[in-house]
There are 2 protein chains.
Amino acid sequence: MEPLPFARALTHCDRCAVRKSSLCNRVCVDLQEELSRLSHHRTYCLGETVLGEMEAISFVGIVVSGVLRMQKSLEDGRQQLVGLLFQSDFFGRVFGGLSAHAIEAASDVTLCCYERRAFERLTERFPELEHQLMLSTLDELDAARNWMLLLGCQTTPERVASFLLMLCRRTGTNQWTPGANLSIYVPISRRDMASYLGTTGETISRVIHEMSRKGIIKIRNSQHFEVLNMRQLVKMSAREDLSTGLSSSIRSIAL
Amino acid sequence: MEPLPFARALTHCDRCAVRKSSLCNRVCVDLQEELSRLSHHRTYCLGETVLGEMEAISFVGIVVSGVLRMQKSLEDGRQQLVGLLFQSDFFGRVFGGLSAHAIEAASDVTLCCYERRAFERLTERFPELEHQLMLSTLDELDAARNWMLLLGCQTTPERVASFLLMLCRRTGTNQWTPGANLSIYVPISRRDMASYLGTTGETISRVIHEMSRKGIIKIRNSQHFEVLNMRQLVKMSAREDLSTGLSSSIRSIAL
DNA sequence: TCATCTCATTGATAGGGATCAACGCCGCCG
DNA sequence: CGGCGGCGTTGATCCCTATCAATGAGATGA
């Protein structure tokens, strides 16, 4: 296709897989160009540490593919997974000194990175960039408090069901067609699930197999499930509100 | 005292008790004047609802005196306290539709309020206002994730000790003098403490009296404690990191 | 002043889930 | 190909803490 008159040169960002859904797409063209100039990709393998806990934050960025996990640990080694980051999520903390949590690759990942100080300087010139960050930070805060509700007063089966619904919302809904069963890919290990849900791998395993026995899900393998009864899954989560985030066609089979 | 030549007229904000420590003091004078013009005080009595869960957010603001609690609930009535707001903390969510949690008066409170839409328009004209909000939102996010760590993988005694340390940091340190014991005022009920810590009132009570038996604290009455052994309290919390927030003189007796 | 109500405390009991242990499965590598 | 190590599963046991119940203490109001 011919470039339009006065069209800008294409950047590597124009071919980016997450361009449409990420922060980059919600800012003006000038800023997109600046961001493009600043950005560079990095890749990490499953298990690698992107940013250590209590480490100086030298860069921030956006997840292009794969999954990141954020985790905190106690001095004695106990760990808590405090969040997962999927495609097009922003990672790393701006305007801060040391990272309050580690960021690790929960799968092989590709990240689009910005040197932190440069990115911060950009927010000074472009308030809309800071505004977009603000919006996503507020969403993360809501999500964190939602998780506090889960950790503070829900039972383990409820937590597992809630977690699966969260996965549906964040990753699963795109490739679903009415009539078929919704399939869920769990991108993390049992150990990580347990850490995220404040329980143990053994208990997770028991609960999942119990759900399978009840016909709520089908276990294809340890990472792939199929939802057989969405209504039951939502009921089990005790979180009608979580179904709000599902696409409407999926929600329809849940209620 | 004579006003300086060209000095601006004093506003009610200049006499505000939290002026020095709040967001207002960290922005330019022009913005301070705008904020002053927009602000009005409201008072609520213990137990009153400031903003309901799932309610449209019509105003935001700053806590002048007293304590607010933020809480979320499940459909079946279970509740989780997801945060406490003290003097000079910002409350309410900007750039959002419905409130994700209720905000209630945990004591009699005085709030400095801004009509939400007007406040948001102000952030468009003054990026530094949004920046200050951004900084406090990031801090809240860190705090929320810290609490996830507590709820997800700490025992009840650890949680109670951590909670008391948090209170020391947020409220207790100002009126402490070396030599005296640090006194802690607990501004919320056992039920609220329990909800904040993901446990029950009965368990809280047992743990506190056990701490008293061990000589870590002295119970003046159900709301007032005295720290007899800060080192033990920190150890009990399993959170050396929480002592970082204490003033250095207090930290010194802890380590 | 006494009745009443709420909140905190204390005791007894039961249950959910952590812990410990063993086994199966699978990918990796010598 | 066979040993090995990590992960997931399953079983047995124990303990922490939720729950139920009763009492005490302080506040409120008639």
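The structure is a predicted model, in which local features need pLDDT of at least 70 and side-chain atom pairs count only at pLDDT 80 or more, while totals for chains, interfaces and linings use all residues. Residues are numbered from 1 along each chain as its sequence is written, chains are lettered from A and ligands numbered from 1 in the order in which they are written, and side-chain values use heavy atoms, with hydrogens and water left out.

Chain A is superposed on chain B by a rotation of 180° with 0.0 Å of shift along its axis, at an RMSD of 0.0 Å. The two copies are thus related as by a two-fold rotation axis. The superposition was made by least squares on the C-alpha atoms of residues with pLDDT of at least 70 in both copies.

The contact between the chains involves 43 residues from chain A and 44 residues from chain B. The size of an interface is often given as the accessible area lost when the parts come together. Between chain A and chain B the buried area (the accessible area, with a 1.4 Å probe, that two parts lose on being put together, summed over both) is about 4,000 Å², and carbon and sulfur atoms give 65% of it. On the side of chain A, the residues that lose the most area to chain B are A:Met134, A:Arg145 and A:Met148, which together make up 18% of what that side buries. The interface of chain A and chain B also holds 8 salt bridges, each defined as a side-chain nitrogen of Lys or Arg within 4 Å of a carboxyl oxygen of Asp or Glu. A salt bridge links B:Arg93 to A:Asp142, with the closest N and O atoms 2.3 Å apart.

Within chain A, domain 1 covers residues 12-150 and domain 2 covers residues 155-254, with bounds that come from an automatic or database domain assignment. The centres of these two domains of chain A, taken over C-alpha atoms, are 25 Å apart. Their contact takes 15 residues from domain 1 and 16 residues from domain 2. About 1,400 Å² is buried between domain 1 and domain 2 of chain A, 59% of it on carbon and sulfur atoms. In domain 1, A:Phe86, A:Trp147 and A:Leu150 lose the most area to domain 2, together 44% of what that side buries. Across this interface between the domains of chain A there are 2 salt bridges. A salt bridge also joins the side chains of A:Arg170 and A:Asp89 (2.4 Å, N to O).

In chain B, an open sheet of 3 strands has the order β9-β11-β10, with antiparallel pairing. Helices (H or I, at least four residues) and strands (E, at least two) are DSSP runs numbered from the N terminus, and two strands pair if DSSP finds at least two bridges between them. The edge strands of this sheet are β9 (182-185) and β10 (217-221) of chain B, each of which pairs on one side only. Antiparallel pairing of β9(B) with β11(B) runs over 4 bridges, and B:Leu182 has B:Val227 as its bridge partner in β11(B). Strand β11 (residues 224-227) of chain B is also joined to β10(B) by 4 bridges. A hairpin connects β10(B) to β11(B) through 2 residues. Opposite B:Ile219 stands B:Phe225 of β11(B).

Conventions. Contact = heavy atoms within 4.5 Å.
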